[in-house]
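Welcome! Please take a look at the sequence and the 3D view below, and then we can walk through them together.

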Amino acid sequence: MADEALFQFLHNEVIQYIYKSSEHGEMENGRCITKLENMGFRVGQGLIERFTKDTARFKDELDVMKFICKDFWTSVFKKQIDNLRTNHQGIYVLQDNKFRLLTQLSAGKQYLEHAPKVRKHNGEKLTCQALFIPVQLSPHKWFSLPLSLQYLAFTCGLVRGGLSNLGVKSIVTAEVSVMPACKFQVMIQKM
Amino acid sequence: MSRQSNRTTDSKKMNAELFTLTYGALVTQLCKDYENDEEVNKQLDKMGYNIGVRLIEDFLARSSVGRCQDFRETADVIAKVAFKMYLGITPSVTNWSPAGDEFSLIMESNPLVDFVELPDNHSSLVYSNLLCGVLRGALEMVQMAVDVKFSQDTLRGDNVTEIRMKFIKRIEENLPAGDE
């Protein structure tokens, strides 16, 4: 058994490392999220292999999602997902009201507010900017992601990797509305 | 803060595989980013150092360990308390130098390398080099400059994993580090 603190510190270092290497300019900022996500993906693949060693075959997609919410989440974050919702058309929303990797950050709005707003209203004050990472969604569209999202990218990958090894191809995104609660949205890609 | 203090130490245990695999993903990423193993080793050590300087606070707060009287006591605390607490193993402390300023931590198993095999083209990669950084960083925060390195590694065919630690000097407190 490893200690939780160790994983959290390691996770912080991984984020730090990925973002520092982007400062040298070889990489767009948005790709950091992708890189983190990919690392999570690989870890998720490995973990699910270990966790499902002795479980029976899953009946359907919902069964898989339930496993992720209960067993997988408990093994990794020591609690279950608090709320699972679905539109029965391949979109699932997993809500965690007290997400482990965010509990160490400020619970206020400090790391939450959207940067574009800050910039628009007082163009001179750029002090808040450092907290946000600009992400390019399309060639003409830049978004700034709140700092807290850095802390979710790895986990998004974790979920996607887990699902992928259970035969479910998906896209996983995350959003934070109130710290330290967050929602993971899983969009199943039909084969 | 006060909310967290009533959590037991047990609730802080978490899945070791998550840690092992995450570490593996990190090393993989580093190997992709850097061309030679030496650079990877250096980077791992640096990251370990960053972890160590933070981890020591967590450690001191949760264990009731006070200041160590000598290096032997330090060795004991590292092996029996710290390694036990964070990695769940207790390495043995051996090979003391006559002057008592150098010793080895022998690990029968290393939780960091649970699922790892080194490919042939990474012969000089010190896979668990993060640990050296952690030890160095943590000890530096308690005024001890220590040299830490792997001298044996099961990943490279040795029977055990050995971390060699050498006491360099005591760091003086209240150094006016450049500030007037």
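Let us begin with A:Glu4, which counts as buried at 5% relative accessibility; buried means under 20% relative accessible area, exposed over 50%, and partly exposed in between, using a 1.4 Å probe and protein chains only. What does the side chain of A:Glu4 meet in a salt bridge? The partner is A:Arg100, at 3.4 Å from N to O. A salt bridge here is a side-chain nitrogen of Lys or Arg within 4 Å of a carboxyl oxygen of Asp or Glu. A:Glu4 sits in helix H1 (residues 4-23) of chain A and A:Arg100 in the loop between strand E3 (91-96) and helix H4 (115-121), so the pair ties together parts that are 96 residues apart in sequence. Helices (H or I, at least four residues) and strands (E, at least two) are DSSP runs, numbered from the N terminus.

Before going on, a word on how to read all this: the model is predicted, local features need pLDDT of at least 70, side-chain atom pairs count only at pLDDT 80 or more, and totals for chains, interfaces and linings use all residues. Residues are numbered from 1 along each chain as its sequence is written, chains are lettered from A and ligands numbered from 1 in the order in which they are written, and side-chain values use heavy atoms, with hydrogens and water left out.

## Chain A as a whole

Chain A has 5 helices and 7 strands. Read from the N terminus, its elements run β-α-α-α-β-β-α-β-β-α-β-β. Of the 191 residues in chain A, 50% are buried. Contact means heavy atoms within 4.5 Å. Among the contacts in chain A between residues at least 6 apart in sequence, 57% join residues at least 24 apart.

A:Cys69 has its place in helix H3 (residues 61-77) of chain A. Is A:Cys69 buried or exposed? With a relative accessible area of 6%, A:Cys69 is buried. Leaving aside neighbours within four places in sequence, A:Cys69 is in contact with A:Gln80, A:Ile81, A:Leu84 and A:Leu94. The C-alpha atoms of A:Cys69 and A:Gly44 are separated by 14 Å, and these residues are 25 apart along the chain.

A:Ser170 belongs to strand E6 (residues 170-175) of chain A. A:Ser170 is buried too, at a relative accessible area of 7%. Beyond the neighbours within four places in sequence, the residues in contact with A:Ser170 are A:Arg160, A:Leu163, A:Val186, A:Met187, A:Ile188 and A:Gln189.

## A helix to follow in chain B

Now turn to helix H3 (residues 37-62) of chain B, which has 26 residues. From its first C-alpha to its last, H3(B) reaches 36 Å, close to the 38 Å expected at 1.5 Å a residue; the expected span is 1.5 Å times one less than the number of residues. At the start of H3(B), a side-chain oxygen of B:Asn36 reaches to within 3.1 Å of the backbone nitrogen of B:Glu38. Where is the kink in H3(B) centred? The kink, of about 30°, is centred on B:Arg54, where the bend is the angle between axes fitted to the seven residues ending at a residue and the seven starting there.

B:Asp45 lies in H3 and B:Arg136 in helix H5 (residues 130-140) of chain B, so the pair ties together parts that are 91 residues apart in sequence. B:Asp45 is buried, with a relative accessible area of 17%, whereas B:Arg136 counts as partly exposed at 25%.

## Where the chains meet

The contact takes 34 residues from chain B and 26 residues from chain A. About 3,100 Å² is buried between the two chains, and carbon and sulfur atoms give 68% of that area. Buried area is the accessible area (1.4 Å probe) that two parts lose on being put together, summed over both.

The count between chain B and chain A is 3 salt bridges. One of these joins A:Glu13 and B:Arg54, with the closest N and O atoms 3.4 Å apart. The largest share of the side of chain B that touches chain A comes from H2(B), with 12 residues.

Conventions
Polar contact = N/O pair within 3.5 Å; in protein donor to acceptor, adjacent residues only side chain to side chain.
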